[in-house]
Amino acid sequence: MLVTAPVEIREKYRQLKEKKLFTALAMCRPAAKRGIGGVVPTALKYLAKRHQYLTAQAEDVLVQIRDLVAAANPTLLLAKGVGPSTAAQLLITAGGNPERLRREASFAALCGTAPVPASSGKTVRYRLSRGGDRDANCALHTIALVRIVLVRSLLPTEPTAGKPPDLSGFESVRLRGRSSSISTIHSPLPGLIQRNTFIRRLS
């Protein structure tokens, strides 16, 4: 609406971004004009106030989710890349399917991160699974993307000897998602198998 507003309205708010823009629109005083010049500022003001109200509600709910997750599993939020929303989803998935948490492979299959063979000829590779709980898969995908960003920020700019193979973005995300599901099940969802050397290396 602001993009298609009259020129004088667009120019007035052109330099403002994100929070400052919504604050300015919510505090504006639309002039008593007829036509678009009076209707558009009023609509923008109402939308900005609604955005502020819903944002405040979302922040309050996120705090409550964080408290609930911390009460249920305080160490889950300490894992790299795990936030309140993703942690809550993993706990919901685990709590709704306790019989699927016998070992890391069953949890990976439940979350749709179990590797599916997709080899061809001499090429050995795996593809993403399309099954499993898609909400849990989405949470692990988010965790994987955050961890990839964290790892890249810590990598040296110059190439080093013995560096890992250069994987495509698709393959990197798949491996990160699998690693995230493994480290999540071991760190820790209640009542699961103990962490071992292999898991510590992946984490």
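Which helix gives the most to the lining of the second largest pocket? Some notes on that and a few neighbours follow.

1. Ground rules: this is a predicted model, where local features need pLDDT of at least 70, side-chain atom pairs count only at pLDDT 80 or more, and totals for chains, interfaces and linings use all residues. Residues are numbered from 1 along each chain as its sequence is written, and side-chain values use heavy atoms, with hydrogens and water left out.

2. On the opening question, H1 gives the most, with four residues. Helices here are DSSP runs (H or I, at least four residues), numbered from the N terminus. H1 (7–13) and H3 (36–72) each supply at least two lining residues.

3. The lining includes Glu-8, Lys-12, Arg-29 and Pro-41. By class there are six nonpolar, one polar and four charged residues; Tyr, Cys and Pro are among those counted as nonpolar, Asp, Glu, Lys and Arg count as charged, and Gly is among the polar ones.

4. One to check by eye is Glu-18, in helix H2. Its phi is near 45°, a positive value in a residue other than glycine. Most residues other than glycine have a negative phi. Glu-18 counts as exposed because its relative accessibility is 62%, and exposed means over 50%.

Conventions
1 Å grid on protein atoms, 1.4 Å probe; cavity = no way out; pocket = protein on both sides within 12 Å on 5 of 7 lines; lining within 4 Å. Buried < 20%, exposed > 50% of the residue type's maximum accessible area, 1.4 Å probe, protein only.
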